[in-house]
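Biologist: I would like to learn how to read the features of a structure like this one, taking them one at a time. Could we put it on the screen and begin?

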Amino acid sequence: MRKTTNTLMMLIVVSVLMLTDCANQQAIATDSATPVPVPSNDVIAEGHLKPIHAANLSFQAPGIVEEINVKIGDTVSKGDVLARLANAEQAEAQLSAANLELIDAQQSLDTLNRTGDANLSTAWTAYMDAQEVRAEAERDWEDLNVENIEVRIEDAKVEVEDREVDLQDAQDEFDKYKDLDKENSRRKTAEDKLETAQEDYNEAHRKLEEVTRERDTVRVTLDSALAAEREAKHQFELSTDGVNADQLALAQARLENAQAQVAAAEDALSNYVLTAPFDGVVADVAVETGEQVSGGESRAVSVADTSAWIVETTDITELEVVKLAEGQSVTFAADALPGVTMNGVVTEISQSSFVQGGRRDLHCTYTGR
């Protein structure tokens, strides 16, 4: 295992050196970079040279490596699939479903915005129709002799009460003979009177309901028409800008939820599928097809962006830092390439310092291309 690691490190260095040589010696991949000799009033410091972007990617879920689509030295673009686990199907299906919902939600919102004028016209027409229905219901209610109906209702209630008394009397009379033989004449007579009393009571109750409906049916129709008119007016007022405000809020909320679902599904899928986080070069592949991985921090693929390089140094004193400024030009050399100089600029100067070896040093970053 140690032998494999040493070989990979050597391949990385050689690959970067070859790329640097082809790029007019603009950047060197070494462990350290030292500014070339300069006049004594300038600053000389040692630092560490590294790509502007570098990432060690690992599977966050356990599984068996099903695909490895790259090898060391391959150029990749952001989003390229580098490797995937065999058990990624469910996460991929969830992402597909989330993307479909996102498309549908976006189309619904677009349609709502596009048909705004038609929505306003429809809302206005519905409001006018509701007014007509309400007006007709009002006429029917006004034409109704409510006072007469209510007198008849009271009379019908009295009739029901009288028939209820008759029914109770008939029940009491029947109870006197109910234990006699069914063919007994007195029992049969009492039973017939009880049936008649029940029928009379039922009929009185039906007439009460009938008279009550003469009033309530018209009233309910009017109340319903009034409610429908209020709702139609409300919908029209919401649509004065063309798009119904409630529908717009709902469509926007649905779109935001769909976007969140896609983000969550992408995050879940990233546990099973490794993609390039930026444009760059594959620096290492530490897994093999068919290998079982446990998930977590174990490195699977390493990617580096060698389009630009950074030199970080803490070899700057508080007396020297006053000579530096962001954007200032820098000349430096890599220990691995004696005699080769490169150019860069200061991109960041730390606002804090620390004591090292008895002196106060600051952190400084240079970028070279």
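This is a predicted model: local features need pLDDT of at least 70, side-chain atom pairs count only at pLDDT 80 or more; totals for chains, interfaces and linings use all residues.

Biologist: Which strands pair with E5, and in what sense?

Modeller: Strand E3 (residues 63-68) pairs with E5 in the antiparallel sense over three bridges, and strand E6 (residues 273-275) is likewise joined to E5 by three bridges, running antiparallel.

Biologist: Which elements give two or more residues to the largest nonpolar core?

Modeller: That core has 19 residues, and those with the most contacts inside it include Phe 59, Leu 82, Leu 274 and Val 303. The elements that give two or more residues to it are strands E2 (48-57), E5 (81-85), E7 (280-285) and E9 (301-317), and of these E5 gives the most, with three residues. Apart from this core lies another, of 14 residues, among them Leu 49, Val 311, Met 342 and Val 346.

Biologist: What does Leu 274 touch, if residues up to four places away in sequence are not counted?

Modeller: Leu 274 touches Leu 57, Ser 58 and Phe 59, then Asp 80, Val 81, Leu 82 and Ala 83, and finally Ala 300 and Val 301.

Biologist: Why does Ala 55 count as buried?

Modeller: Ala 55, whose place is in strand E2, counts as buried because its relative accessibility is 18%, and the cut-off is under 20%. Leaving aside neighbours within four places in sequence, Ala 55 is in contact with Pro 277, Phe 278, Val 301, Ser 302 and Val 303. The C-alpha atoms of Ala 55 and Arg 299 are separated by 9.7 Å, although these residues are 244 residues apart along the chain.

Biologist: With which side chain does the side chain of Asp 284 make a polar contact?

Modeller: The partner is the side chain of Arg 299, at 2.2 Å. Asp 284 has its place in strand E7, and it is buried, with a relative accessible area of 4%.

Biologist: Turning to helices, which residues of H3 are buried, and against what do they pack?

Modeller: An α-helix has 3.6 residues a turn, so residues three or four places apart point the same way. In helix H3 (residues 116-143), the buried residues are Gly 116, Ala 123, Tyr 127, Ala 130, Arg 134, Ala 135 and Ala 137, and they pack against helix H2 (89-114) and H5. H3 has 28 residues and reaches 41 Å from its first C-alpha to its last, close to the 40 Å expected.

Biologist: Where does H5 bend?

Modeller: H5 bends by about 35° at Arg 213. The helix, residues 185-238, has 54 residues and reaches 76 Å from its first C-alpha to its last, close to the 80 Å expected at 1.5 Å a residue. At the start of H5, a side-chain oxygen of Asn 184 reaches to within 3.0 Å of the backbone nitrogen of Arg 186.

Technical notes: Residues are numbered from 1 along each chain as its sequence is written. Side-chain values use heavy atoms; hydrogens and water are left out. A nonpolar core is a set of buried Ala, Val, Leu, Ile, Met, Phe, Trp, Tyr and Cys residues joined through side-chain atoms within 4.5 Å. Buried means under 20% relative accessible area, exposed over 50%, partly exposed in between (1.4 Å probe, protein chains only). Helices (H or I, at least four residues) and strands (E, at least two) are DSSP runs, numbered from the N terminus. Contact means heavy atoms within 4.5 Å. The expected span of a helix is 1.5 Å times one less than its number of residues. The bend at a residue is the angle between axes fitted to the seven residues ending there and the seven starting there. A polar contact is a pair of N or O atoms within 3.5 Å; within protein, one must be able to donate a hydrogen and the other to accept it, and residues adjacent in sequence count only if both atoms are side-chain atoms. Two strands pair if DSSP finds at least two bridges between them.
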